[in-house]
Amino acid sequence: MSDSTEPILEIKNLTKTYFNEGKSITVLDNISFQVPKEFLAIVGPSGCGKSTMLRIIDGLDTPTSGEVLFHGQPVTAPISKIGVIFQSFALIPWKTVLGNVEMALAMTSISKDEQLKVAKKYIQDVGLEGFETSYPKELSGGMKQRVGIARALALQPEVLLMDEPFSSLDALTAETLRREVLDIWTDQAYPTNAVIMVTHNVQEAVYMADRVLVLSGRPAKIVDDVAISLPRPRSQRDPTLYDYTDRIVSKIS
Amino acid sequence: MTLAYFLALAFALAYGITTAMNHKASHVLLPLLDVLQSVPVLGFLPVVFIFFVTNLPVQVGQEFASIILIFTAMVWAPTFGVIAGVNAIPQDIKEASRAYGVKGLSYLRQIVLPAVFPELVWSSLLAWGGGWYLIPIEEVFSFPGHPLPPLPGLGYYIAAAASNRDLPLSLLALAVLVLIILAIDELVWKPLGARAEKYKYESVAAPQGPGQRRGRISTNVKKYEERLVSPIFSFLKYERASLSSLLEAVHLKRRFHVPEKIRVQERTVRHALWGRIISFAIALTLILVSIPALRGIPPDSLGNALQVIETNVGYGTIAFDAAGSLLRIFTAYVIALGWTLGAGILISRSERASKLLVPVFDIGQSIPATALFPIIILLIVNPFKENTVALNLASILLLLAGMQWYLLFNVVGAIRGLPTDLLEASSAYGIRGRRFVKEILVPASYPAILIGSIQAWGGGWNATIVSEYITDPNNLSMPHTVPGLGSLLQMASNYSDPYASAVVITAAVLVMTGTVLTINRLVWRRLLRKAEKYKLEA
């Protein structure tokens, strides 16, 4: 793998302006940052454009100006090296768990048989063995998000984007899934080198990330860049976490 | 028509509020409403006309009959709307007004009327739609036995111009009609609808849609979901409601303990369906018994009735007619499904196509299908000298005009309503092009296609009555007909013997209802079961 300081993603001068009935609303204002091999969290007040930024990074949305570079190559459309996990899970209701995971694999060049094998492996990895033929509506919220995670991981992405991945879940389930995602992140068997997680939960960001970018309200600008230099595994009760949290919260409000 | 509307409105308010607020009265009034509503309006058109025209001076009688018929077509939606509106007043509001001593007339004015206002506006929109549908038929209504001067109105002008082979003039009259309809939409219903928003009880603020366009589409979807011109086919609606709740209950029962609430709901819905069938049966028996009784014939007499059918039509003919109607509806349905799916996909894929097509559809759907009839006759039937193929083609086109919008607005609504997260997930994981259409768009709109199909078939059966038998105002003795249940109904109503008329009409309606129910059971019920899977979660 590449040197850990070399950027995997470069976000350059990103600006996003919406035009609506003659009025223009700028949600992202000239944002630049780099993502090396790390777990990056982006926090900010709700409606500040965090999710828009994540969509632009995946190529789902286009910036008004600026660009996103993945290993130096501009990202203009979704690619298989970047996986996404959605807040609302975004599972196709008429596809089974297996179908939902397989659906993403068509992006890669592997054969049908291989797709089935890979999909099954990742369903197992997220603890959903035996639910392959279930439909999303038969699953609990936590299980649905596991499918979402399996779908993203099955691509063996180098970058994993997460948009408020735990905020639709109840507190207990969210806590379990957070730990599992961290386990996957630290497990060398997974090729994912960079994670970008958008959240409005500052405690969650501090607990999980190596670095936290703090955005201001509309239009969003980077107001702070906090390295969380704590060893893993971390404890939720570590008092240092509260210091970081207080510092970031004071920047937002 | 305006007169009929205000009559309908007054009736709806009085009847609706009494029914909804007086518990005892509702036991009588609600079933009564159900029975009254089940009477097929179009089927009784001739009877009502003859009654008024023979008992009053022709001109007056005719106007009167027209108003009564439009009234009967308009009145049900607002009446049910008022009942729903009163029932929707939240318990806490009721208690609060009791606590603060708001009662009697002031309760009516301050609480009840505002509460029913949104439903009233909405159902009025439906009522006007139904009214516009009837107007072109009524204005040129006539029968061989009783030649009637047509009522002066736009429907008449379109028909007369078409009959004189004056295409530009008839198109002009049509354009004027559409302009009037659109103008009333813009000037009356839209402002009223905007005002109605204020009176809605909602716990959560409704999200603002991104612009007017979407609003129009969803209005149209709702409109087509609820518009049923001839109440006989509201059968379908009940059938559907009972089906889906049954399905839900069955589905839930297997997995969880079914809560009492759902079970009760299931029972009431089933009750409504049976009530409908029973009330319909009572109405039929009344017709069969009362008419012979009035004419002094012993009401003996299924045998008698069967005899009448045999001599007047013959069973073979009825079966043949039913097959004819079925085949034409099916053809029109296939055409409608094909083009609406295409249009739906196009609208979903390209913003430009959507901007171009949606206003066109908007105008298109506002044309009452019946106003198109004379023009289609002029363009297709006349040039080919009553050739059977041309006649059938014309009839299919007329059916299409009555069926396609149900499908279109359901399909477009479903495609527009696809949740953004699904679209993004598909895009993020590389599903596009043909795969997107096959794996996302079509499955996502499958329930809507099904609902639209069921409604379109209902609309189609309904339209058979007017699309298989069309009178020509300049040549009353030579109506354009194709063999089908609709034309059988119309011809039967022209028999000189009212008993024979009633018997044959009843037979035709029974065959039609039977066919509809059979298709429901064999086709739609199975498909609905499958559709459960494709429902998007709320």
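1. Let's start at G430(B). Just after helix 18 of chain B, this glycine has a positive phi of about 70°. Please keep in mind as you look around that the model is predicted.

2. Now step back into helix 18 itself. Which residues of helix 18 of chain B are buried? They are E424(B), A425(B), S426(B), S427(B) and A428(B). Their packing partners come from both chains: helix 1 (50–58) and strand 6 of chain A, together with helix 19 (433–467) of chain B.

3. That brings us to the place where the chains touch. Here 15 residues of chain B are in contact with 16 residues of chain A. On the chain B side, helix 18 (residues 420–428) provides the largest share, six residues. By type, the chain B side divides into eight nonpolar, two polar and five charged residues.

4. Next, have a look at helix 17 of chain B, which covers residues 388–416 and has 29 residues. From the first C-alpha to the last, helix 17 reaches 41 Å, close to the 42 Å expected at 1.5 Å a residue. Where is the kink in helix 17 of chain B centred? You will find the kink centred on M403(B), with an angle of about 35°. Why is helix 17 of chain B described as largely enclosed by the rest of the structure? Because 22 of its 29 residues are buried.

5. Chain B has 21 helices and two strands. Of the 538 residues in chain B, 39% are buried. If you take the contacts in chain B between residues at least 6 apart in sequence, 76% of them join residues at least 24 apart.

6. Is T311(B) buried or exposed? T311(B) has 9 other C-beta atoms within 10 Å, so it counts as exposed. In sequence T311(B) and A500(B) are 189 residues apart, yet in space their C-alpha atoms are 9.6 Å apart.

7. Over in chain A, trace the open sheet of six strands. The strand order is 6-7-8-3-9-10, and the pairing is mixed. At the edges are strand 6 (82–85) and strand 10 (222–227) of chain A, each pairing on one side only. From one strand to the next, the twist averages 15°. Strand 6 of chain A is also one of the elements that the buried residues of helix 18 of chain B pack against, which links this sheet to point 2.

8. Within that sheet, follow strand 3 (residues 39–43) and strand 9 (residues 211–215) of chain A. The two run parallel and are joined by four bridges. V43(A) stands opposite V214(A) of strand 9. Lying across strand 3, strand 9 and strand 10 of chain A is helix 7 (residues 239–252), which runs at about 175° to strand 10.

9. Finally, find Y190(A) in the loop between helix 5 (171–186) and strand 8 (194–199) of chain A. With 16 other C-beta atoms within 10 Å, Y190(A) is partly exposed. Leaving aside residues up to four places away in sequence, Y190(A) touches L153(A) and I184(A). P157(A) is 33 residues from Y190(A) along the chain, and their C-alpha atoms are separated by 8.8 Å.

How values were computed. Residues are numbered from 1 along each chain as its sequence is written. Chains are lettered from A and ligands numbered from 1 in the order in which they are written. This is a predicted model: local features need pLDDT of at least 70, side-chain atom pairs count only at pLDDT 80 or more; totals for chains, interfaces and linings use all residues. Two residues are in contact if their C-beta atoms, placed from the backbone, lie within 7 Å. Ala, Val, Leu, Ile, Met, Phe, Trp, Tyr, Cys and Pro count as nonpolar, Asp, Glu, Lys and Arg as charged, and the others, Gly among them, as polar. The expected span of a helix is 1.5 Å times one less than its number of residues. The bend at a residue is the angle between axes fitted to the seven residues ending there and the seven starting there. A residue is buried if 20 or more other C-beta atoms lie within 10 Å of its own, exposed if 12 or fewer, and partly exposed in between; C-beta atoms are placed from the backbone. Two strands pair if DSSP finds at least two bridges between them. Axes are lines fitted to C-alpha atoms, for helices over the stretch in contact, and angles run from 0 to 180 degrees between N-to-C directions.
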